[in-house]
Amino acid sequence: MKIRIKFSKEGFMQFIGHLDMMRGWQKIFRRSGIPIAYSEGFNPHQIFSIAAPLAVGITSSGEYLDLKLKVENYDLDMLIKQVNAVCPEGIVILEAVELIGKQTAGMAACKAATYMIDLSEKLAKLVLNSEKLESFINQDSIIVKKKNKKGKINDFDIRPGILEFIIVNNALHVMLATGSSLNIKPELLMGAIFNYIGIELNVFTRELYYDIHRIDIYTSLDPLLTLTKGVVNG
Amino acid sequence: MVYDKVHRIVDIYICVTGFILGGIILKQLRVPKHLLLTTQKPAQYIGNEVNAVMKDLSSVDIRFALCFPDLYEIGMSHLGLSILYNLLNSRKDTFCERVFSPMKDMEAVLINENIPLFALESQSDIIDFDFLGFTVQYEMSYTNILNILKLSGIEIRSSNRKDSDPIVCAGGPCVYNPEPIAAFIDFFYIGEGEASLNEVMELYKELKNDPLIADNKLKDVFLEKLLDVEGIYVPKYYDVTYKKDETIHEMIPLHEHAKKSIAKQIVVDLDKMPYAKNPIVPYLQPVHDRIVLELFRGCARGCRFCQAGFIYRPVREKSLETLEAQATHLINTTGHEEVSLISLSSSDYSHLSPLCDYLIDDIAKEQKLNLSLPSLRIDSFSLDLMNKVQDIRKSSLTFAPEAGSQRMRNVINKGITEEDILNGSKEAFVGGWNRVKLYFMLGLPGETDEDILAISTLSDDIVKQYFSIPKPERPRGSVQLIVSTSFFIPKPFTPFQWVKQDTYEEFMSKQKMLNGAINKKRIKYNSHNAKLSMLEGVMARGDRRIADVIELAFHNGASFDAWSEHFVFEIWETAFNKLDIDPKFYASRQREFDEVLPWDFIDIGIKKSFLEKEYLKSMKEIVTPNCMEECMACGATCFEGGICFEDKN
Ligand code: SF4
């Protein structure tokens with residue numbers, strides 16, 4: 001059976017990169033004793049995938065992982081319990097649902113993600129108080145330089161990918177396009193803001209920095225899990 | 001200011017709790033998050049891995065910072081570290097934490113930000129610990145030890161330290177000759193930690209809790225009391241005098257309790273010994289990301305160049321039942337999918353076949369499991385086994401003939417014949433392997449040009465074995481042979497402890513000769529850094545005077561010397577010159593049997609006369625039977641256990 005789990009990645013776990021985390025998951029699943037399915041072939045591996053890999057340094061309360069069990073009708077509460085029992089501090093499975101019928105993999109389904117970008121006091125003063133911020137977001141297009149897979153630097157308009165942009169205290173709340181067709185990383189947005197306002201911040205310092213927290217991932221504008229649940233119920 | 005769409009209250013809620021949560025945890029990071037994120041691989045500085053131990057600092061008497069003086073990914077692959085970590089943390093009164101060498105970028109952050117080096121688990125400064133203990137696995141990590149001390153804010157020389165500084169101790173194979181680093185270490189532990197490290201901790205706790213001992217006297221009292229503990233060497237209670245010819249005249253104990261000879265401590269019954277029960281599972285991929293199952297300690301073979309083969313005598317095995325139980329537990333507690341069977345020559349383990357059957361048939365049936373079997377002799381049994389557990393297309397086979405000619409293999413007592421090698425490689429080819437790695441040494445005692453060229457001939461003969469197999473039976477793809485040579489480094493406590501190491505020039509001309517002789521069409525040749533091998537030779541057989549060289553080289557920028565990309569020989573050369581110390585005196589000088597060697601005061605349980613006899617036999621190319629066939633009465637019976645008391649075939 002196929003299952004989608006939603007989990008959080010907080011605290012120390014934010015320093016664990018995607019590839020290390022993938023190896024970590026394999027070990028978590030082995031320790032948990034859940035009957036995870038393996039691929040065929042000489043070098044079988046566990047069948048699971050992560051919806052939208054998270055960069056190092058970003059915490060999240062809405063990560064998704066699709067996995068396959070070699071049995072049907074496995075009790076999902078039990079699965080959550082088993083996995084949580086062996087998860088390192090900072091990873092918590094929040095929910096699990098069965099994926100019934102033909103489902104788009106989490107990776108292909110995700111379209112957007114919401115983030116809270118928390119600016120240090122000093123940086124907030126420079127950025128959030130800047131008059132330019134309003135004109136920044138009101139631009140029709142926001143062009144940034146981005147390296148493509150071949151290493152060539154191209155111009156790239158991120159404005160269509162900024163779906164939500166709100167200021168709450170010292171933080172920015174944004175919804176950004178995420179996925180294979182359009183993918184905007186929050187750092188890219190921050191870079192564009194700094195550039196526009198005229199702040200140079202190549203390396204964080206003790207006073208100038210920001211924290212990124214991913215709140216959730218969405219297919220269209222619904223959380224990934226909500227949509228899945230809808231399908232299951234319907 | 002709301003620019004776009006309605007925002008989700010729920011999201012804010014989740015988000016805020018997330019941050020409070022994160023905030024509490026992150027407060028403990030010694031290097032603030034945003035500085036940490038400027039470094040490569042920040043995960044190595046945070047601890048918090050699965051099975052990492054966390055204790056309440058106020059509930060323990062002893063805080064022990066256990067250090068592997070190299071990168072996290074190297075240290076975390078080391079079984080010894082894991083054993084000590086588990087051993088110390090199994091004590092209620094002790095909290096043992098890990099320390100590794102920070103990478104250069106992190107080192108810069110620490111220095112720029114004025115942050116002292118810290119231990120991973122509690123993220124607290126090393127200087128606040130009771131102990132800083134180093135496990136010293138290779139000589140070229142000596143400058144890293146000094147760097148750890150410096151980054152921690154601890155004086156490099158023991159004699160300059162404050163009473164409140166942690167007590168600095170060291171163990172591991174290198175400390176069987178502790179003298180080159182004696183000036184930096186308060187006490188050495190000679191032997192296996194499981195044997196009596198607990199006794200050392202008990203003593204410390206007793207003194208620390210003694211109201212009559214003032215805090216600023218604790219270290220001194222403790223070090224003095226250690227003189228009565230077996231296996232402990234406290235360098236400050238000894239002085240060394242030298243003769244006119246610069247060799248050692250005498251080692252003089254300066255305290256009535258300072259022993260003339262320090263006896264190695266070992267565990268006789270490995271089944272009763274605590275093992276690394278809950279090894280930490282790192283996130284960052286260590287060099288070896290797997291469970292390590294230790295089959296036995298010691299080695300029965302007696303290769304004359306191999307220090308491990310002598311210092312770890314006698315051979316002591318774990319029983320099959322113990323290993324089965326330990327394997328099962330380790331698989332469950334770590335989630336690793338690979339088990340590696342290690343020991344100095346795994347093929348000699350009495351129950352290898354049933355153990356592998358258990359792992360393959362019982363465990364691997366339930367869940368996928370890879371077995372890795374380093375240090376196996378290549379024969380039909382092991383090939384068969386590897387065939388079952390490894391993906392042949394990806395793996396290569398490793399032979400370590402060590403020398404090219406039979407004559408030379410007799411000199412070093414490597415009990416493997418040309419026939420063994422050729423048959424083994426042929427069977428490997430038939431079995432489907434086409435990549436074979438061969439390891440040799442250059443500069444072995446008494447080596448001639450013919451011996452060197454024999455390496456190339458033997459390699460050619462192996463290639464010929466491949467082509468002697470009818471085409472349809474050969475593995476697909478062409479044969480690939482990789483020949484690697486290292487330079488011989490005479491080590492203390494081996495029969496070669498007296499011999500002259502080749503000079504740099506000799507090494508290079510030998511390497512050149514071999515390089516010219518090897519047929520490059522099918523064979524790839526790798527060689528070592530001769531300067532590094534020479535320096536290692538100096539460190540391995542150095543005495544107390546070498547400390548100055550290490551310290552000066554360190555001050556001039558030497559660190560990570562074991563890493564070719566960081567090793568700068570010129571720094572060392574300058575240090576030797578400046579201090580007027582001739583490296584050749586240590587590396588390239590033949591010693592007489594009656595010379596006092598710097599490590600003579602360490603008693604590994606093997607008689608010096610035995611090593612002497614072995615050396616003389618080697619010069620006559622006479623081989624010595626291994627401990628499984630016949631006992632040569634080396635002296636290891638003093639430990640009253642192990643192979644010495646088993647029936648010989
Ligand atoms: S005493 Fe005999 S059996 Fe024991 S280690 Fe020495 S040679 Fe081997």
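Tutor: In this predicted model, 30 aromatic pairs are found over all chains. One of them joins Phe64(B) and Phe131(B): the ring centres are 5.4 Å apart and the planes stand at 25 degrees, under the 30 degrees limit, so the pair counts as stacked. Phe64(B) belongs to strand S1 (residues 62-68) of chain B and Phe131(B) to strand S3 (residues 131-135) of chain B, so this pair ties together parts that are 67 residues apart in sequence.

Both of these residues fall within domain 1 (58-263) of chain B, whose other domain, domain 2, comprises 290-528 + 605-636. Taken over C-alpha atoms, the centres of the two domains of chain B are separated by 33 Å. Eight residues from domain 1 of chain B and 11 residues from domain 2 of chain B take part in the contact. Between them the two domains bury about 810 Å², with 52% of this area on carbon and sulfur atoms. On the side of domain 1 of chain B, Leu79(B), Tyr176(B) and Glu192(B) supply 61% of the buried area, more than any other three residues.

The polar side of this interface can be described as well. Four salt bridges are counted between domain 1 and domain 2 of chain B. The side chains of Glu139(B) and Lys491(B) form a salt bridge with an N to O distance of 3.6 Å. Three residue pairs are in polar contact between the two domains of chain B, with both residues at pLDDT 80 or more. The side of domain 1 of chain B that touches domain 2 has four nonpolar, one polar and three charged residues.

Chain A is likewise divided into domain 1 (2-108) and domain 2 (110-225). Here 27 Å separate the domain centres, again over C-alpha atoms, and the contact draws 21 residues from domain 1 of chain A and 13 residues from domain 2 of chain A. The two domains of chain A bury about 1,400 Å² between them, of which 52% lies on carbon and sulfur atoms. In domain 1 of chain A, the residues losing the most area to domain 2 are Ala52(A), Ile58(A) and Tyr64(A), together 32% of what that side buries.

Two salt bridges are counted between the domains of chain A. Lys6(A) and Asp216(A) form a salt bridge, their closest N and O atoms being 3.0 Å apart.

Key: Residues are numbered from 1 along each chain as its sequence is written. Chains are lettered from A and ligands numbered from 1 in the order in which they are written. This is a predicted model: local features need pLDDT of at least 70, side-chain atom pairs count only at pLDDT 80 or more; totals for chains, interfaces and linings use all residues. Side-chain values use heavy atoms; hydrogens and water are left out. Domain bounds come from an automatic or database domain assignment. Contact means heavy atoms within 4.5 Å. Buried area is the accessible area (1.4 Å probe) that two parts lose on being put together, summed over both. A polar contact is a pair of N or O atoms within 3.5 Å; within protein, one must be able to donate a hydrogen and the other to accept it, and residues adjacent in sequence count only if both atoms are side-chain atoms. Ala, Val, Leu, Ile, Met, Phe, Trp, Tyr, Cys and Pro count as nonpolar, Asp, Glu, Lys and Arg as charged, and the others, Gly among them, as polar. Rings of Phe, Tyr and Trp (its six-membered ring) pair if their centres lie within 6.5 Å; planes under 30 degrees apart count as stacked, over 60 as edge-to-face and the rest as tilted. Helices (H or I, at least four residues) and strands (E, at least two) are DSSP runs, numbered from the N terminus.
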